[in-house]
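This briefing covers a sheet, a pocket and some local backbone features. The structure is shown first, and the notes follow by topic.

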Amino acid sequence: MTDSTTEALNRKLDRLIEAVARLAPPPVPETDLGGADCFVWQADPGYLEPVRKVNRVDIGLIRGVDRVRDILVDNTERFASGYAANNVLLWGARGMGKSSLVKAVHAAVNASAKLDLPLKLIEIHREDIDTLPKLMALLKAAPYRFILFCDDLSFDRDDTSYKSLKAALEGGVEGRPANVIFYATSNRRHLLPRDMIDNERSTAINPSEAVEEKVSLSDRFGLWLGFHKCSQDEYLDMIDGYVRHHGLAIDPETLRAEALEWATTRGSRSGRVAWQYTQDLAGRLGKSLQD
């Protein structure tokens with residue numbers, strides 16, 4: 001074999017090796033739990049992606065839910081301090097600050113400066129619920145305490161992944177790690193559509209057992225915190241808080257009239273509607289909103 005032939009074969013082998021390397025999956029990034037206080041669980045390939053800038057509002061700006069706010073703060077403070085605490089289901093009217101409250105409470109508890117180690121918040125997407133055991137295995141040996149947070153959790157007809165959640169929360173052999181708690185938000189108190197529950201009742205041999213199977217998931221949450229539609233006064237109070245916080249100059253009577261008209265055109269009053277009006281007002285005044 002000549003030198004030129006050998007060189008040509010080596011070049012082809014090098015190209016083949018490069019092609020095979022490109023087909024291999026990339027290495028799983030290392031998870032640095034001390035690098036941030038908030039993470040997003042990336043189920044594939046299986047690591048925690050740090051969130052450097054969290055999308056949240058100050059807890060003082062969340063109005064109209066004082067009672068559930070205080071309950072959630074108390075539960076979170078107890079858990080962060082190493083005491084017993086419950087999984088929490090925040091359910092009810094859309095736009096009333098369920099997910100905002102979870103993120104705000106996490107920040108408030110960490111800001112209290114009473115903890116030896118910061119409390120970590122990890123968001124897990126609804127479609128990755130069946131990977132909860134993998135995530136919990138990653139967290140159970142860590143020195144930190146973790147809130148696993150799933151926003152807008154619900155299950156559709158024929159979706160069986162809720163069984164994975166049931167086992168991960170309370171029903172598995174190992175159980176939930178002591179340094180992990182689960183918070184979820186949903187528009188549904190039982191996380192399953194009413195027609196799905198009714199269908200199970202009507203078609204099962206033993207209807208009561210079938211319904212028990214479906215609603216037992218929500219029983220894994222020791223705290224159910226209900227969020228209901230706000231009154232007109234609460235809605236206006238939310239807007240007033242936003243306007244003062246962001247320093248928007250507007251006549252109070254004009255503010256009230258515009259805010260009520262905005263709610264009427266939207267057909268609802270909620271914290272989300274109040275925030276959307278505030279964004280519109282700030283834009284018309286040529287102002288940017290504070291982080």
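How many nonpolar, polar and charged residues does the lining of the largest pocket have? There are nine nonpolar, 14 polar and 12 charged residues in that lining, where Ala, Val, Leu, Ile, Met, Phe, Trp, Tyr, Cys and Pro count as nonpolar, Asp, Glu, Lys and Arg as charged, and the others, Gly among them, as polar.

This is a predicted model, in which local features need pLDDT of at least 70, side-chain atom pairs count only at pLDDT 80 or more, and totals for chains, interfaces and linings use all residues. Residues are numbered from 1 along each chain as its sequence is written, and side-chain values use heavy atoms, with hydrogens and water left out.

**Sheet**
- Seven strands form an open sheet with mixed pairing, in the order β2-β1-β4-β5-β6-β3-β7; two strands pair if DSSP finds at least two bridges between them.
- Helices (H or I, at least four residues) and strands (E, at least two) are DSSP runs, numbered from the N terminus.
- β2 (47-50) and β7 (223-227) are the edge strands, each pairing on one side only.
- On average, neighbouring strands of this sheet are turned by 25 degrees against each other, direction ignored.
- Strand β3 (residues 88-92) pairs with β7 in the parallel sense over five bridges, and glycine 92 stands opposite phenylalanine 227 in β7.
- Helix α2 (residues 66-80) lies across β3, β5 (146-150), β6 (180-186) and β7, and runs at about 150 degrees to β7.
- Axes are lines fitted to C-alpha atoms, for helices over the stretch in contact, and angles run from 0 to 180 degrees between N-to-C directions.

**Largest pocket**
- The largest pocket holds about 970 Å³ of space.
- A pocket is an open set of points on a 1 Å grid over the protein atoms alone, where a 1.4 Å probe fits, with protein on both sides within 12 Å along at least five of seven lines; lining residues have an atom within 4 Å of a point.
- Its lining has 35 residues, and the closest to the pocket centre are Asn55, Arg56, Val57, Ser100 and Lys103.
- α10 (271-284) gives the most to the lining, with five residues.
- The pocket lies between domain 1 (38-227) and domain 2 (232-285), because both give residues to its lining; the domain bounds come from an automatic or database domain assignment.

**Local backbone and contacts**
- Aspartate 44 and proline 45 are joined by a cis peptide bond with omega of about 20 degrees, and proline 45 is found in the loop between β1 (38-42) and β2.
- Aspartate 152 has a positive phi, near 55 degrees, and is placed in the loop between β5 and α5 (162-171).
- Arginine 63 touches Asp237, Met238, Gly241 and Arg244 (heavy atoms within 4.5 Å), not counting residues up to four places away in sequence.

Definitions and conventions: Grid points are joined across faces, edges and corners, and a volume is the space filled by probe spheres set on the points.
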